[in-house]
Structure formats: C-alpha cells, structure tokens
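Okay, thanks for making time, everyone. I'd like to walk you through one model today, so let's get it on the screen.

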Amino acid sequence: MPADAPRFTEIVKRERSRLGDFIRRRVRDTAEAEDILQDVLFEFYLTADAVEQVGAWLFRAAKNRIIDRARKKKEQPLPAADDDEGRSWLEENLPDPSAGPDAAYARSVLLGSIQAALQTLPPEQRDVFVAHEIEGLSFADMSAQWRVPQNTLLARKRYAVLALRERLRAEYGDLTI
C-alpha cells in the first residue's frame with residue numbers, strides 16, 4: 001500500500017476516467033483497454049510514492065503499454081471448453097480412450113510425453129505455460145497475481161513453447177495433436 005493512501009485514492013478518482021478515455025481512443029477492444037487501464041493503475045499502486053508528475057507518468061505508462069501490446073504477436077490461450085461436457089482442448093484433441101485399446105494406449109503415451117516434457121522446464125516457465133495454455137489465465141492476470149512484469153511472463157512462455165516443441169519433436173517428429 002502506498003504510504004500516502006488518501007493521496008493515491010484521490011489521484012485514481014481524479015485520473016481514472018480521463019486515462020480510460022485516452023486508452024479506449026487508441027485500443028478498439030474494450031476488454032483489452034480495461035486490462036491496460038488496470039495494469040497501469042496497478043503499476044502506479046506499486047510505485048505511487050516514487051512518482052512526482054502523476055498525470056504525465058500515468059499517460060506515459062498507458063502509452064507504453066499500448067505500444068507494447070501492438071508490437072507483440074497476440075497469443076490466444078487454448079480454448080478452455082469446446083463442448084457441453086466442459087472438456088478441455090487437450091481432452092478434445094487426444095485420442096478417445098473408449099475407441100479401443102490402441103487409442104487408449106496412444107493417449108496414455110502422449111499424455112506421459114507431454115507431462116514429462118513439462119517437468120523438464122524450469123518451474124517459472126512451466127507455471128506460465130500451464131496457467132496460460134491450460135488454465136486460460138491472461139498475462140495481465142498472472143502479472144497482477146504474481147507481481148511479475150508481463151514482458152517477463154511472455155518471455156518465459158516463449159522459452160517454454162520452444163523447449164516443449166523441441167522435446168516433443170525429437171520424440172514424435174512433426175506429429176501434431
């Protein structure tokens with residue numbers, strides 16, 4: 001919590017609407033604009049005591065976040081559930097165990113390989129990969145929960161994907177699920 005909590009609260013009340021309008025004029029997706037606003041306010045929360053020119057700092061931080069997002073290739077998490085039964089993407093794309101013993105065996109081998117490949121990753125990379133791809137968390141949510149910059153999380157995810165591809169390619173060639 002900032003040392004001067006009333007100052008922080010007053011600044012957020014005063015600047016939130018104006019800052020939100022600034023971001024929404026530059027970002028078409030309302031949810032993404034809200035994510036950027038929340039990221040900037042959270043970053044301000046963490047550094048409020050060190051910021052002197054608050055208005056300028058907030059708008060510069062928002063502009064930098066907008067530019068960062070525009071530069072990055074937008075990554076989509078795997079769909080969480082594609083059917084009425086609530087099965088995950090992984091569940092939908094693995095062989096159905098009820099299709100016979102060959103399918104059940106192939107499924108168990110693939111799951112074992114994926115699990116083993118995940119275990120070879122450094123914990124930071126594995127946690128980001130699982131949270132984003134399997135649990136469907138956004139990088140903004142992870143950043144807020146874990147207090148790690150989004151760029152760091154993106155880099156960890158990229159390294160995880162590259163390592164997993166390499167490991168699974170060595171085992172299965174170009175087989176894709």
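This is a predicted model: local features need pLDDT of at least 70, side-chain atom pairs count only at pLDDT 80 or more; totals for chains, interfaces and linings use all residues.

**Helices and salt bridges**

Let's start with Gln 125, which is buried, with a relative accessible area of 16%. For the cut-offs, buried means under 20% relative accessible area, exposed means over 50%, and partly exposed is in between, with a 1.4 Å probe and protein chains only. Residues are numbered from 1 along each chain as its sequence is written, and side-chain values use heavy atoms, with hydrogens and water left out.

Back to Gln 125, then: you'll find this residue in helix H6, residues 123-134. Helices here are DSSP runs of H or I, at least four residues, numbered from the N terminus. And what does Gln 125 touch? Leaving aside residues up to four places away in sequence, the answer is Arg 156, Tyr 159 and Ala 160, where contact means heavy atoms within 4.5 Å.

Now to H1, which runs over residues 5-26. Its 22 residues should span 32 Å at 1.5 Å a residue, and the end C-alpha atoms sit 30 Å apart, which agrees. That expected span is 1.5 Å times one less than the number of residues. Where does H1 bend? At Glu 15, by about 45 degrees, the bend being the angle between axes fitted to the seven residues ending there and the seven starting there. Glu 15 is also among the buried residues of H1, which include Phe 8, Ile 11, Val 12 and Leu 19 too. The cover over those buried residues includes H2 and H3.

On to charges. How many salt bridges does the structure hold? Eight, counting a side-chain nitrogen of Lys or Arg within 4 Å of a carboxyl oxygen of Asp or Glu.

Take Arg 16 and Glu 34, whose closest N and O atoms are 3.4 Å apart in their salt bridge. That pair links distant parts of the chain, with Arg 16 in H1 and Glu 34 in helix H2 (residues 30-47), 18 residues apart. Both ends are partly exposed: Arg 16 at 35% relative accessibility, Glu 34 at 31%.

Asp 21 and Arg 24 make a salt bridge as well, at 3.1 Å between the closest N and O atoms. These two both lie in H1, three residues apart, about one turn of the helix. In an α-helix there are 3.6 residues a turn, so residues three or four places apart point the same way.

Then there's Arg 65 with Glu 43, a salt bridge at 2.5 Å, N to O. Arg 65 lies in helix H3 (residues 54-71) and Glu 43 in H2, so this pair ties together parts that are 22 residues apart in sequence. There's a network, too: salt bridges that share partners join Glu 10, Arg 14, Glu 15 and Arg 18.

Last stop, helix H7, residues 139-146, where the buried residues are Phe 139, Ala 140, Met 142 and Ser 143. Down the axis of H7 they fall within an arc of 165 degrees, so they line one face of the helix; the arc is taken over the directions from the helix axis to the C-beta atoms. Just after H7, Arg 147 takes a positive phi of about 55 degrees.
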